[in-house]
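Good morning, and thank you for the time on the agenda.

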Amino acid sequence: MRCCVIIPTYENLSTLPAILDDCDAANLPVIVIDDGSTDGTAEAIRTWLDQGENRWSITMKVNGGKGAALAAGLAEASRHGFAGAVTVDADGQHLTKDAFALLSSWTPGELLLGARDETAKNYPMSSLFGRRLWSLGIRSLTGVGVSDPVCGMRVYPLTSIASIKCHSGRYAWEEEFLVRAARRGVRINEQKISTVYLPRESRVSHYNLARDWTESLVVYLALSFQCLVRFLPLRMKGQPLRRVDRSQRRLLGMAVFVGGFCGFISPIWIAAPILAWVSWKLHASWPLAVASAVAVAFLSDRMSPVVLSIGILLAAVAITQSARILDKN
């Protein structure tokens, strides 16, 4: 089964050569996508290409974003007839040994995701927050419990994903791809990899908070709308990540939280069916959401809004924490 390594890079001249050397030592075919770098990366790649075989590169004229680079790399790998491709970030925060381990345990047809340990001491809080938020988002859109949906190290089954097209072009591409793959029935699994974060002074990041958070929000809202207009929620048959995990228990808490505040909406006999329908479509617990809404509606004439709001928050936290016993992750 022929597989290759795909490395998208942008302004990573200080870390890219070592990653290429590791791939060469493992005798793996490599495709590098230079996403419009201006730091000498293009020249380094040309030198690398001349030093061996089974090496290819794509040069983007302008920086189009990580998603666009990955899409180009996957298309190039398919053209060369590879069955699978493992993606490795060029910023030095992925260990090539983990990429090789993913390839060795990969099952053809499966989308295998790297999953970092979120309890690692050097894990930045901003990155952890984004990871957990997208875990919740992926769960609501697909019902699949992906613990690290923002991790860029993955093995893509090229034949199974050939027809999947994403609209986002930057960092939200990887999360959008997960949702679209799940909808196509692609089997999604994950495997633990190392958690590596370089010191802040040597870390190269091109993440723009305003631009990329906005894109992520737009992508999530668009995918949520598609979920709502589907006749039935996504079926999870054959998905190994259906387990109850952190994202599932957080979704239970969200059902109580949102349902509770919907209880303030009058008339409740209209709000409750709409709430149940939306919760069902987004893989939340519609009985919990409706029960919370009805309880608040019943108590709204007997308790002040402030007290009820505090009660909703405490109930959501209690449900989230009590579901810990069910966690598999």
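A word on conventions. This is a predicted model, in which local features need pLDDT of at least 70 and side-chain atom pairs count only at pLDDT 80 or more, while totals for chains, interfaces and linings use all residues. Residues are numbered from 1 along each chain as its sequence is written, and side-chain values use heavy atoms, with hydrogens and water left out.

Let me start with the chain as a whole. The protein chain has eleven helices and seven strands; these are DSSP runs numbered from the N terminus, helices being H or I with at least four residues and strands being E with at least two. Its radius of gyration is 22 Å, close to the 20 Å that the globule rule gives for 329 residues, so the chain is as compact as a globular protein of that length. That radius is taken over C-alpha atoms, and the globule rule is 2.2 Å times the number of residues to the power 0.38. Along the principal axes, the C-alpha trace spans about 80 × 40 × 35 Å.

Of the 329 residues, 50% are buried, where buried means under 20% relative accessible area, exposed means over 50%, and partly exposed lies in between, with a 1.4 Å probe and protein chains only. Among contacts (heavy atoms within 4.5 Å) with a separation of 6 or more, 79% are between residues 24 or more positions apart.

Now to the strands. How many of the six residues of strand 5 are buried? Six of the six are, so strand 5 is largely enclosed by the rest of the structure. Glu110, Leu112 and Gly114 lie on one side, with Leu111, Leu113 and Ala115 on the other.

Strands count as paired if DSSP finds at least two bridges between them. Strand 5 (residues 110-115) pairs with strand 6 in the antiparallel sense over two bridges: Leu112 is the bridge partner of Val155, and Leu113 that of Arg154. With strand 7 (residues 187-192), strand 5 pairs in the parallel sense over six bridges, and Leu111 stands opposite Ile188 there.

Strand 6 (residues 154-157) is likewise covered on both faces, Arg154 and Tyr156 being buried on one side and Val155 and Pro157 on the other. Four bridges also join strand 6 to strand 4 (residues 84-87) in an antiparallel arrangement, with Pro157 as the bridge partner of Gly84.

Next, helix 10. In this helix, Ala289, Val290, Ser292, Ala293 and Val296 are buried. They cover an arc of only 160 degrees around the axis, which puts them on the same side of helix 10; the arc is that of the directions from the helix axis to the C-beta atoms. The buried residues of helix 10 pack against helix 8 (246-262), helix 9 (268-281) and helix 11 (305-322).

Finally, the backbone. Most residues other than glycine have a negative phi, and most peptide bonds are trans. Which peptide bond is cis here? The bond from Ser266 to Pro267 is, with omega near 0 degrees, and Pro267 is placed in the loop between helix 8 and helix 9.

Asn27 has a positive phi, near 60 degrees, and sits in the loop between helix 1 (16-25) and strand 2 (30-34). At 66% relative accessibility, Asn27 counts as exposed. Asn54, with phi near 55 degrees, lies in the loop between helix 2 (41-49) and strand 3 (55-59); at 42% relative accessibility, Asn54 counts as partly exposed.
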